[in-house]
Amino acid sequence: MTTSKARITALITPVGQDAQDEARALAEEGRTSKAVARLRKDSGLGLHPASAALDLLGEGRPLPTSYEQALGTLRDECPELVGELTVLLHHDDRNGAIRLLRERTDMDLAGGYHLVEALTAHLGAA
């Protein structure tokens with residue numbers, strides 16, 4: 001069983017479509033550890049979020065392939081977190097937004113930065 005923190009991280013970390021397809025095929029062959037390793041290699045996911053990502057793929061749920069898609073998922077899954085991030089960004093506190101995102105998820109620094117940048121761009125366009 002995966003934690004909700006790992007699941008959210010898996011849902012908001014972009015993974016290339018080729019990696020998703022390969023991981024799904026490896027899992028169907030019973031090569032679960034290879035499938036998790038493939039997801040980790042492509043995305044930078046940690047062990048627990050990569051395992052959660054594989055579970056999601058097994059359920060037929062696609063993972064995002066871009067930070068824009070990841071942002072849409074974050075809005076659907078954690079609207080309260082997006083609200084808090086938005087407040088921080090309106091106060092020009094990008095570092096605080098990245099820190100908050102990383103505290104609430106298992107996202108790495110680079111992923112947190114890119115997702116906050118996607119939110120910033122979206123807010124600028126709104």
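**Before starting.** I remind myself that this is a predicted model.

**Entry 1: α6 and α7.** I began with how a helix pair is described: by the angle between the two axes and the distance between them. For helix α6 (residues 79-90) and helix α7 (residues 94-104), I found an angle of about 160 degrees and axes 8 Å apart. Angles over 145 degrees count as roughly antiparallel, so I wrote down α6 as roughly antiparallel to α7. The crossing of α6 past α7 is right-handed.

Next I listed who meets whom. From α6 come Leu 81, Glu 84, Leu 85, Leu 88 and Leu 89, and from α7 come Arg 94, Gly 96, Ala 97, Leu 100, Leu 101 and Arg 104.

**Entry 2: α3 and α4.** I then turned to helix α3 (residues 32-43) and helix α4 (residues 47-58), whose axes come within 9 Å and cross at roughly 110 degrees. The range of 65 to 115 degrees counts as roughly perpendicular, and α3 and α4 are therefore roughly perpendicular to each other. I noted a right-handed crossing for α3 past α4.

On the α3 side I found Thr 32, Ala 35, Val 36, Leu 39 and Arg 40, which meet Leu 47, Ala 50, Ser 51, Ala 53, Leu 54 and Leu 57 of α4. My tally for the contact of α3 with α4 reads 8 nonpolar, 2 polar and 1 charged.

**Entry 3: Arg 38.** I stayed in helix α3 for Arg 38. Is Arg 38 buried or exposed? Its relative accessible area is 19%, and buried means under 20%, so I put Arg 38 down as buried. Setting aside neighbours within four places in sequence, I found Arg 38 in contact with Asp 18, Ala 19, Glu 22, Ala 23 and Leu 26.

**Entry 4: Thr 105.** My last stop was Thr 105, in the loop between α7 and α8 (109-125). Thr 105 is buried, at a relative accessible area of 2%. What does the side chain of Thr 105 reach? I found the backbone oxygen of Leu 101 at 2.8 Å and the backbone nitrogen of Met 107 at 3.1 Å. Not counting residues up to four places away in sequence, Thr 105 touches Lys 5, Ile 8, Thr 9 and Ile 12.

Note on methods. Residues are numbered from 1 along each chain as its sequence is written. This is a predicted model: local features need pLDDT of at least 70, side-chain atom pairs count only at pLDDT 80 or more; totals for chains, interfaces and linings use all residues. Side-chain values use heavy atoms; hydrogens and water are left out. Axes are lines fitted to C-alpha atoms, for helices over the stretch in contact, and angles run from 0 to 180 degrees between N-to-C directions. Helices (H or I, at least four residues) and strands (E, at least two) are DSSP runs, numbered from the N terminus. Angles under 35 degrees count as roughly parallel, over 145 as roughly antiparallel, 65 to 115 as roughly perpendicular and the rest as oblique. A crossing is left-handed if the near helix is turned anticlockwise from the far one by less than a right angle, and right-handed if clockwise. Contact means heavy atoms within 4.5 Å. Ala, Val, Leu, Ile, Met, Phe, Trp, Tyr, Cys and Pro count as nonpolar, Asp, Glu, Lys and Arg as charged, and the others, Gly among them, as polar. Buried means under 20% relative accessible area, exposed over 50%, partly exposed in between (1.4 Å probe, protein chains only). A polar contact is a pair of N or O atoms within 3.5 Å; within protein, one must be able to donate a hydrogen and the other to accept it, and residues adjacent in sequence count only if both atoms are side-chain atoms.
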